[in-house]
Amino acid sequence: MLSPFCDTLRSNPLQLTCRQDQRAVAVCNLQKFSKPLPPEYQYFDELSGIPTEDLPYYGGSVEIADYCPFSQEFSWHLSGEYQRSSDCRILENQPDLFKNYGAEKYGPHSVCLIQKSAFVMEKCERKLSYPDWGSGCYQVSCSPQGLTVWVQNTSYLCSRAGQVLPVSIQMNGWIHDGNLLCPSCWDFCELCPPERDPPATNLTRALPLDLCSRSSSLVVTLWLLLGNLFPLLAGFLLCVWH
């Protein structure tokens, strides 16, 4: 399938990707129509999971694009009311604090990156993930070392296109774990070093963060435990001395 065209049927949950210019989260606008499309707009010899006799019913949702399916920017709505769009460069599109499963950052320096796996929010025994995944908006910067991806205040250097970045950061009392794919440095930077294998430290995930073992509530619990044990210890010592 030639870019920017796609062959992924829009479904629920959404399978997210990036718009061709990598400036917005997108979905493939391939859909099924109630009537067969005109023969000149029937593009598919096969589609995964679709019977051959039904192929004439499938095409892109945009008539002006001759029903060619492509990855298209979209908007989120709640109860029919517009919430935000998927353009990465617009700061107002930033997800709500506790709905930002992928630890995304929208703004003028953000681009769309492919998510290799769904992000998981974790706190102690609780785990949450969002069913719509596949891409997200993240801030990037350029330097003589190459393209750097920023997730919150943590930087991840892309040594080559397709490199997997294991992300594990703390945000709003939750641990966010996931994997991002590095784009080509040349997609966003004017000067780039030769591609190379990432350093060994970047090949494996750092030690996992653990909010529970470092939480203030645990410290308080330990002090309470020691406080309860102290009278017993004092009584034991008095018995020994007498």
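1. A word on classes before we start: Ala, Val, Leu, Ile, Met, Phe, Trp, Tyr, Cys and Pro count as nonpolar, Asp, Glu, Lys and Arg as charged, and the others, Gly among them, as polar. By that scheme, the lining of the largest cavity has nine nonpolar, four polar and three charged residues.

2. Please keep in mind that this is a predicted model, where local features need pLDDT of at least 70, side-chain atom pairs count only at pLDDT 80 or more, and totals for chains, interfaces and linings use all residues. Residues are numbered from 1 along each chain as its sequence is written, and side-chain values use heavy atoms, with hydrogens and water left out.

3. Now the overall picture. The chain has two helices and 14 strands (DSSP runs numbered from the N terminus: H or I of at least four residues for helices, E of at least two for strands). Of its 242 residues, 36% are buried, meaning under 20% relative accessible area with a 1.4 Å probe, protein chains only.

4. On a 1 Å grid over the protein atoms alone, a cavity is a set of points where a 1.4 Å probe fits but cannot get out, while a pocket is an open set with protein on both sides within 12 Å along at least five of seven lines; lining residues have an atom within 4 Å of a point. The largest pocket has a volume of about 590 Å³, the space filled by probe spheres set on grid points joined across faces, edges and corners. Its lining comprises 24 residues, with W76, R84, P95, K99 and Y130 closest to the centre.

5. W76 deserves a moment of its own. W76 sits in strand β6, and among the residues it touches are E81, R84 and Y106 (contact means heavy atoms within 4.5 Å).

6. Finally, the cavities: there are two of 30 Å³ or more. The largest, about 90 Å³, is lined by 16 residues, of which C158, S159, C185, P193 and E195 are closest to its centre.

Notes
Buried < 20%, exposed > 50% of the residue type's maximum accessible area, 1.4 Å probe, protein only. Lists of a residue's contacts leave out its neighbours within four places in sequence.
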